[in-house]
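Subject: Structure for your files

Dear colleague,

Here is the structure I promised to hand over. My notes on it follow below.

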Amino acid sequence: QVQLAESGGGLVQAGGSLRLSCAASGSMFSINTMGWYRQAPGKQRELVARIFTGGTTNYVNSVRGRFTISRDNTKNTVYLQMNSLKPEDTAVYYCYVLARGTPASMPDTYWGQGTQVTVSS
């Protein structure tokens with residue numbers, strides 16, 4: 001089993017910054033992709049950013065240039081630095097990882113519990 005522990009959400013004024021962290025622990029052979037989704041009230045969950053094993057990153061257009069995803073493989077941790085926050089960034093943010101339990105197993109997706117980010121105007 002893989003557990004994800006998120007931290008760093010909160011309330012911030014528009015234009016401010018927050019940094020989310022998500023640490024993976026438990027029984028796993030390797031971690032492939034790490035990333036963040038978010039879900040605002042009444043909206044579908046959307047992929048915000050992801051980072052692959054080699055360091056390649058993807059971002060949704062609405063956050064490109066404002067958010068930066070990074071990972072520390074020595075700590076099995078993924079970060080999301082969020083700058084120039086806007087009220088429309090308000091959502092619950094969920095981290096996820098694709099991890100293999102054994103060398104022969106297919107990767108499974110594991111989710112964090114979610115952390116609230118609220119941006120006031």
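T33 is found in strand β4; strands here are DSSP runs of E with at least two residues, helices are runs of H or I with at least four residues, and both are numbered from the N terminus. Before going further: this is a predicted model, in which local features need pLDDT of at least 70 and side-chain atom pairs count only at pLDDT 80 or more, while totals for chains, interfaces and linings use all residues. Residues are numbered from 1 along each chain as its sequence is written, and side-chain values use heavy atoms, with hydrogens and water left out.

With a relative accessibility of 9%, T33 counts as buried (buried is under 20% relative accessible area, exposed is over 50%, and partly exposed is in between, with a 1.4 Å probe and protein chains only). Setting aside residues up to four places away in sequence, T33 touches R50, I51, F52, R71, Y96, V97 and L98; contact means heavy atoms within 4.5 Å.

**The chain as a whole**

The chain has zero helices and 11 strands. Its radius of gyration is 14 Å, which agrees with the value near 14 Å that a compact globule of 121 residues would have (taken over C-alpha atoms; the globule rule is 2.2 Å times the number of residues to the power 0.38). Along the principal axes, the C-alpha atoms fill a box of roughly 50 × 25 × 25 Å.

Buried residues account for 39% of the 121 residues. Of the contacts between residues at least 6 apart in sequence, 56% join residues at least 24 apart. The chain exposes about 6300 Å², with 49% of it supplied by carbon and sulfur atoms (areas come from the Shrake-Rupley method with a 1.4 Å probe, and for residues only the protein chains shown count as cover).

**Aromatic pairs and charges over rings**

Rings of Phe, Tyr and Trp (its six-membered ring) pair if their centres lie within 6.5 Å; planes under 30 degrees apart count as stacked, over 60 as edge-to-face and the rest as tilted. By this rule there are three aromatic pairs. In one of them, the rings of Y37 and W111 have centres 5.3 Å apart and planes at 65°, so the pair is edge-to-face. Y37 lies in strand β4 (residues 30-39) and W111 in strand β10 (residues 108-111), so this pair ties together parts that are 74 residues apart in sequence. Y37 is partly exposed at 22% relative accessibility, and W111 is partly exposed at 39%.

W111 also pairs with Y96: the ring centres are 5.6 Å apart and the planes are at 40°, so this pair is tilted. Y96 belongs to strand β9 (residues 91-100) and W111 to strand β10, so the parts tied together here are 15 residues apart in sequence. Y96 is buried, at a relative accessible area of 7%. Y37, Y96 and W111 form one aromatic cluster.

R45 lies over the face of W111, 5.0 Å from the ring centre; a charge sits over a ring if NZ of Lys or CZ of Arg is within 6 Å of the ring centre and within 35 degrees of the ring normal. The charged end of R19 sits over the ring of Y79, at 4.1 Å from its centre.

R100 is in strand β9 and is partly exposed, with a relative accessible area of 25%. R100 and F29 are 71 residues apart in sequence, yet 5.4 Å apart in space, C-alpha to C-alpha. A polar atom of the R100 side chain lies 2.7 Å from the backbone oxygen of S105 (a polar contact is a pair of N or O atoms within 3.5 Å; within protein, one must be able to donate a hydrogen and the other to accept it, and residues adjacent in sequence count only if both atoms are side-chain atoms).

T115 lies in strand β11 (residues 115-120) and is buried at 12% relative accessibility. A polar atom of its side chain lies 3.4 Å from the backbone nitrogen of G9. Leaving aside neighbours within four places in sequence, T115 is in contact with E6, G9, L20, A91, V92 and Y93.

**Positive phi**

N76, in the loop between β7 (67-72) and β8 (77-82), has a positive phi near 50° and is a residue other than glycine.

Regards
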